[in-house]
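Subject: Structure handover

Hello,

Here is the structure we talked about. My notes on what was found in it follow below.

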Amino acid sequence: MHDDPAQRLVDTFLAAFNTPSGDRMAELLAEAFTRDVTFWGPLGRTQGFMALENFVTYLRGHGRGPGRMVRTSAVDAPGEWARYAWAYRDASGAVVLDGVDMVHVRDGRIDQLVVFSGPLAARPDPDPPAAA
């Protein structure tokens, strides 16, 4: 049992992602998310539990076949916001997608999920060393 509410919610979300049963997936998502959840994803913003459930169902059907979503970092939760790193691995264990999510917790459930997929592009050094 997790002492940290944000970690418990995140792990419940990932368990929903990984369960083979569509009915169990919906039950676990309902434990972790509010009905009016706002989902910010790579394709834009959606609202509501069904939009989130549709996204998870879509990603579970990834073209590389059934996979597994894993948390690859601790859950960093300084208050009502939390972040964690994740990876989606195919059946062989190879990473298909990875990124960082941020979640907002309200009244014991996640009411906002922000998905960042892939690494951030490197920023050029804004203050390069002076030429000699």
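Contact here means heavy atoms within 4.5 Å. This is a predicted model, in which local features need pLDDT of at least 70 and side-chain atom pairs count only at pLDDT 80 or more, while totals for chains, interfaces and linings use all residues. Residues are numbered from 1 along each chain as its sequence is written, and side-chain values use heavy atoms, with hydrogens and water left out.

Helices (H or I, at least four residues) and strands (E, at least two) are DSSP runs, numbered from the N terminus. Axes are lines fitted to C-alpha atoms, for helices over the stretch in contact, and angles run from 0 to 180 degrees between N-to-C directions.

The helix pair

On the H1 side, Leu9, Thr12, Phe13, Ala15 and Ala16 meet Met25, Leu28, Leu29, Glu31 and Ala32 of H2. The axes of H1 (residues 5–18) and H2 (residues 22–32) come within 8 Å and cross at roughly 165°. H1 is therefore roughly antiparallel to H2 (over 145 degrees counts as roughly antiparallel, under 35 as roughly parallel, 65 to 115 as roughly perpendicular and the rest as oblique).

The sheet

Six strands make an open sheet of mixed pairing, in the order S2-S1-S6-S5-S4-S3; two strands pair if DSSP finds at least two bridges between them. S2 (44–47) and S3 are the edge strands, each pairing on one side only. Neighbouring strands are turned by 25° against each other on average, direction ignored. H1 packs on this sheet, touching S1, S3, S4, S5 and S6 (109–117), and its direction makes about 165° with that of S3. Helix H3 (residues 49–60) lies across S1, S2, S3, S4, S5 and S6, at about 55° to S1.

S3 (residues 68–71) and S4 (residues 81–89) run antiparallel, joined by four bridges, and arginine 71 stands opposite tryptophan 86 in S4. S4 and S5 (residues 95–106) also run antiparallel, with nine bridges. In S5, aspartate 101 stands opposite tyrosine 84, and valine 103 is the bridge partner of alanine 82. The hairpin of S4 and S5 has five residues between the strands, and glycine 93 takes a positive phi near 95° there.

Aromatic pairs

The whole structure holds three aromatic pairs (ring centres of Phe, Tyr and Trp, its six-membered ring, within 6.5 Å; planes under 30 degrees apart are stacked, over 60 edge-to-face, the rest tilted). One of them is phenylalanine 13 with phenylalanine 33, edge-to-face at 5.2 Å centre to centre and 85° between the planes.

Regards
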